[in-house]
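Hi everyone, thanks for coming.

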Amino acid sequence: MNPNFRFELIHTCRQSGARLGRLHTPHGVIETPAYMPVGTQATVKAMSPREMHEIKTQILLANTYHLYLRPGHELVKEAGGLHRFMDWDGPILTDSGGFQVFSLGPLRKITEEGVQFRSHLDGSKHLFTPESVMGIEEALGADIIMAFDECVPYPAEREYTERSMYRTHRWAKRCQNAHRREDQALFGIVQGGMFKDLRAESAKAIADMDFIGNGIGGLSVGEPKELMYDMLEVVTEILPADKPRYLMGVGSPDCLFEGVQRGVDMFDCVLQTRIARNGQALTSQGALTIRNAQYERDFTPIDPECDCYACTHFTRAYVRHLIKAKEILAGRLLSWHNLRFSLHLMEQMRQAIAEDRFLDFKKEFYEKYGL
């Protein structure tokens, strides 16, 4: 038992498998289920740390692969760690960089030792092993760090998926053996592709390793959503109920609902800021493309039901004008809104779980959102 981390399972909704929890970390308490905004390069795009606090962010995610390449984990360590470097005093999670490395395709080579890859920045050669990744993540100093895993693409043949899964399990054990910092929680990652029996086997193997928390990887990689939900149901039935479950790289409103319903506690996604830079807003009435001509004279808020700065001060017409004029403020305001929308949605879900009406809330939201 690590005294620096504690997960409380407070309540399970009587209507569903949705869970209300509380994860204690050295930099604060995370009320779950929680959405984690993504700060890939030690910053959430277009947002300052003060603004992230204003929209009630509980925890941020940063990317090991990108920070290793630039500015370098040793520089971050010299600066006092990620919290001090990026001026964020709340909890931080770093992924292992596995997804980014495996996304490099022909630029990487997988062996039992690890993954040799070429930087997407300058083509330089690098090697990630479970041991070196633990060293990088410990230097970065996040509260929660992820084991190094092999992320399988979709579609993938069973033989390759199975071989990759067993390698992920061996790497997970090596990560445990290499991990030293007691003030960091190491999470394992379940793999197994789109095969139910492999998913079940991986969930049991990772659960048996007794990590502080468990990630669910290799989903939302191009498969139909219903297939992702099927895999989730297999995994969450097996992962221990007294530990947090983290569905990696998932964060659209429908996927948040479906994941929470199946017992997931933590999510992350770049969708919120990515679509903001393309002029799109997540709203209680559905996703809107504010750059469209229909909003030229629309003097209502981005979302009348949102309490964020962008919605309480500006109109769709103004934001559309900023987009057309290519002003930086357009992306900032839409990022501000989309992030707050998602964080508020999780607040509403937590309230609904506490009141045993999660499925009722989901139905109401889907009807308004057009799902």
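Let me begin with a term: when I say helix, I mean a DSSP run of H or I with at least four residues, and helices are numbered from the N terminus. Please also keep in mind that this is a predicted model.

With that, let's go to Val 260, which sits in helix H10. Is Val 260 buried or exposed? The cut-off for buried is under 20% relative accessible area. Val 260 has a relative accessible area of 0%, so it counts as buried. And what does Val 260 touch, leaving aside residues up to four places away in sequence? Its partners include Gly 17, Ala 18, Arg 19 and Pro 33. Phe 267 is on the list as well, along with Met 346, Met 349, Ile 353 and Phe 358. For a sense of distance, take Cys 311: it is 51 residues from Val 260 in sequence, and the two C-alpha atoms are 27 Å apart in space.

Phe 358 brings us to helix H15, which covers residues 358-369. H15 has twelve residues and spans 16 Å from first C-alpha to last, close to the 16 Å expected at 1.5 Å a residue. Which residues of H15 are buried? They are Phe 358, Phe 361, Lys 362, Phe 365, Tyr 366 and Tyr 369. Looking down the axis of H15, these buried residues fall within an arc of 130 degrees, so they line one face of the helix. Here is some background for that pattern: an α-helix has 3.6 residues a turn, so residues three or four places apart point the same way. On the face of H15 turned away from the buried side, you'll find Lys 363 and Glu 367, both exposed.

Now over to helix H9, residues 225-236. H9 also has twelve residues, and it reaches 16 Å between its first and last C-alpha, close to the expected 16 Å. Its buried residues are Met 228, Tyr 229, Met 231, Leu 232, Val 234, Val 235 and Thr 236. They pack against strands S11 (185-190), S12 (213-216) and S13 (245-247), and against helices H8 (196-208) and H10.

The largest pocket has a volume of about 930 Å³. It is lined by 42 residues, and the closest to its centre are Phe 99, Gln 100, Gly 249, Asp 268 and Val 270. Which elements give two or more residues to that lining? They are helix H5 (98-102), H9, strand S14 (266-269) and helix H11 (271-276). Sorted by class, the lining has 14 nonpolar, 20 polar and eight charged residues.

The second largest pocket holds about 520 Å³ of space. Of its 18 lining residues, those closest to the centre are Met 1, Asn 2, Asp 210, Phe 211 and Ile 212. The class count for this lining is seven nonpolar, four polar and seven charged.

A few backbone details next. Most residues other than glycine have a negative phi, and most peptide bonds are trans. Where are the cis bonds I'd like you to look at? One joins Arg 70 and Pro 71, with omega about 15 degrees, and Pro 71 lies in the loop between helices H2 (64-69) and H3 (73-78). Another joins Tyr 154 and Pro 155, with omega about -5 degrees. Pro 155 is in the loop between strand S10 (144-146) and helix H7 (158-178).

Lys 56 has a positive phi, near 70 degrees, and is found in the loop between helix H1 (49-54) and strand S5 (60-62). Ser 220 has a positive phi too, near 55 degrees. Ser 220 belongs to the loop between S12 and H9, and it is partly exposed, with a relative accessible area of 39%.

One last stop, in helix H7: Arg 163. At 42% relative accessibility, Arg 163 counts as partly exposed. Its C-alpha is 9.4 Å from that of Gly 192, which is 29 residues away along the chain.

How values were computed
Residues numbered from 1 in each chain as written. Predicted model: local features only at pLDDT ≥ 70, side-chain atom pairs only at ≥ 80, totals over all residues. Heavy atoms only, no water. Expected span 1.5 Å × (residues − 1). Buried < 20%, exposed > 50% of the residue type's maximum accessible area, 1.4 Å probe, protein only. Arc of directions from axis to C-beta. Contact = heavy atoms within 4.5 Å. 1 Å grid on protein atoms, 1.4 Å probe; cavity = no way out; pocket = protein on both sides within 12 Å on 5 of 7 lines; lining within 4 Å. Points joined across faces, edges and corners; volume = space filled by probe spheres on them. Nonpolar A, V, L, I, M, F, W, Y, C, P; charged D, E, K, R; others polar.
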